[in-house]
Amino acid sequence: MITLENVSKTYGSGPQAVHALKPTDLHVAQGEIYGVIGLSGAGKSTLIRCVNLLERPTTGRVVVDGQELTSLGRQALNHARHRIGMIFQHFNLLSSRTVFDNVALPLELMGVAKREIRERVQPLLDLTGLSDKHDKYPAELSGGQKQRVAIARALASRPKVLLCDEATSALDPQTTQSILDLLKDINRKLGLTILLITHEMEVVKSICHKVGLISAGKLVEEADVGDFFTSPSTRLGREFLNAFLELDPPQALIDRMEAKPGPQTHPVVRLAFTGDAVSTPLISRLARDCNVDVSILEAKVESIQDRTLGLMIAELIGPQEKTQQALAYLKSHDLQVEVLGHVRRNA
Ligand SMILES: Nc1ncnc2c1ncn2[C@@H]1O[C@H](COP(=O)(O)OP(=O)(O)OP(=O)(O)O)[C@@H](O)[C@H]1O
């Protein structure tokens, strides 16, 4: 439904040039919710704004619903944009218009007749839970309600695609969840394809099917959400995941950690279990079969959509050859094993 081919964006030129988006390929399938995550300044906004050509890409092709937007003239592009809704972090509502009139605005601009506008706006207010806010002004609404108005407005022109630019970043966690539930609901009910950008793993975890990780203008990793949360393939992906899971070794242990193994040290490992491994008593088998002691420092179980993810930080205690054997054993059992460092037992 959305295809970016070799799309890049450079702001300015010469020594002042900022290569905000390096040549990027991206595909979002029909009906999919795709999240792009990255740190501040990574190029997320630039990427999403290139999709509807709010930013004109420096190179590449943008194809939405089979139509190449980058080849269209001004009028045809305006028309094509009716099929692409967009919502923003700060809602961008018109303060002098009521809820109804804000939602009706795109239809007025398209020249839709008054009666048809009435017939189309009311169901959108119902869908977004705003039926009783019809005549309110934005100043009379909460942040979550304002974003609902923005969503209803974005849906008014019956788009095939919804672009969400940090749509929940200005909202508290509870309101964020209700807006994410609404987006999930409209994705299901209307078959709407959603591309969102966010810096919050919670957003990706809650509603996305697929995720792309962007860093310094480059899409460095792309995966199904379940795979990303269980085994990110880049260092940055692991940093995002670890920060989200808040599963780091105690500081006192980090301070004692050495990078290289030695005859007097024991490895500290972070283990991620998925699927069958979650319910298998691997740790007791590890102790029995490999003859090492396992000191569990932290552990938790997370539900990531339809998957269960078990996480643990543990110290493997025993002679070096036994702890190496234990690591090989863990790796052969479909676990993600990351050696965080090595500590002296009684330092
Ligand atoms: N209009 C512009 N002119 C020049 N540089 C720009 C412009 N817009 C963005 N940039 C630069 O491009 C880079 C990417 O910015 P962008 O806003 O796309 O990142 P982001 O990931 O969305 O960041 P944030 O999460 O902080 O909004 C940054 O270095 C930014 O300073």
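This note goes through the model in numbered points.

1. Basis. The model is predicted: local features need pLDDT of at least 70, side-chain atom pairs count only at pLDDT 80 or more, and totals for chains, interfaces and linings use all residues. Residue numbers run from 1 along each chain as its sequence is written.

2. Annotation. An unreviewed UniProt entry marks residues 2-241 as "domain: ABC transporter". UniProt positions follow the numbering used here, feature names are shortened, and annotations may be inferred rather than shown by experiment. The span 2-241 is 38% helix and 27% strand, and its end C-alpha atoms lie 27 Å apart. Helices (H or I, at least four residues) and strands (E, at least two) are DSSP runs, numbered from the N terminus.

3. Ligand shell. The ligand is surrounded by 13 residues, and the closest are Tyr 11, Ala 20, Ser 40, Ser 45 and Thr 46. A residue counts as near if its C-beta atom, placed from the backbone, lies within 6 Å. The most come from α1, with 3 residues.

4. The shell holds 8 polar, 4 nonpolar and 1 charged residues. Here Ala, Val, Leu, Ile, Met, Phe, Trp, Tyr, Cys and Pro count as nonpolar, Asp, Glu, Lys and Arg as charged, and the others, Gly among them, as polar.

5. Sheet. Four strands form an open sheet in the order β2-β1-β4-β5, with antiparallel pairing. β2 and β5 are the edge strands, each pairing on one side only. Pairing requires at least two bridges found by DSSP. Strand β1 (residues 2-11) is antiparallel to β4, over 5 bridges. Within this sheet, Ser 8 stands opposite Thr 59 in β4.

6. Helix on sheet. α1 lies across β1, β2 and β4, at about 55 degrees to β2. Contact means C-beta atoms, placed from the backbone, within 7 Å. Axes are lines fitted to C-alpha atoms, for helices over the stretch in contact; angles run from 0 to 180 degrees between N-to-C directions.

7. Backbone points to check. Most residues other than glycine have a negative phi. Asp 65 has a positive phi of about 50 degrees. Asp 65 sits in the loop between β4 (59-64) and β5 (67-68). Phe 91 also has a positive phi, near 70 degrees, and lies in the loop between β6 (84-88) and α3 (99-109).

8. Which is buried, and which partly exposed? Asp 65 is partly exposed, with 16 other C-beta atoms within 10 Å. Phe 91 is buried, with 20. The cut-offs, on C-beta atoms placed from the backbone and counted within 10 Å, are 20 or more others for buried, 12 or fewer for exposed, and partly exposed in between.

Terms used
Two residues are in contact if their C-beta atoms, placed from the backbone, lie within 7 Å.
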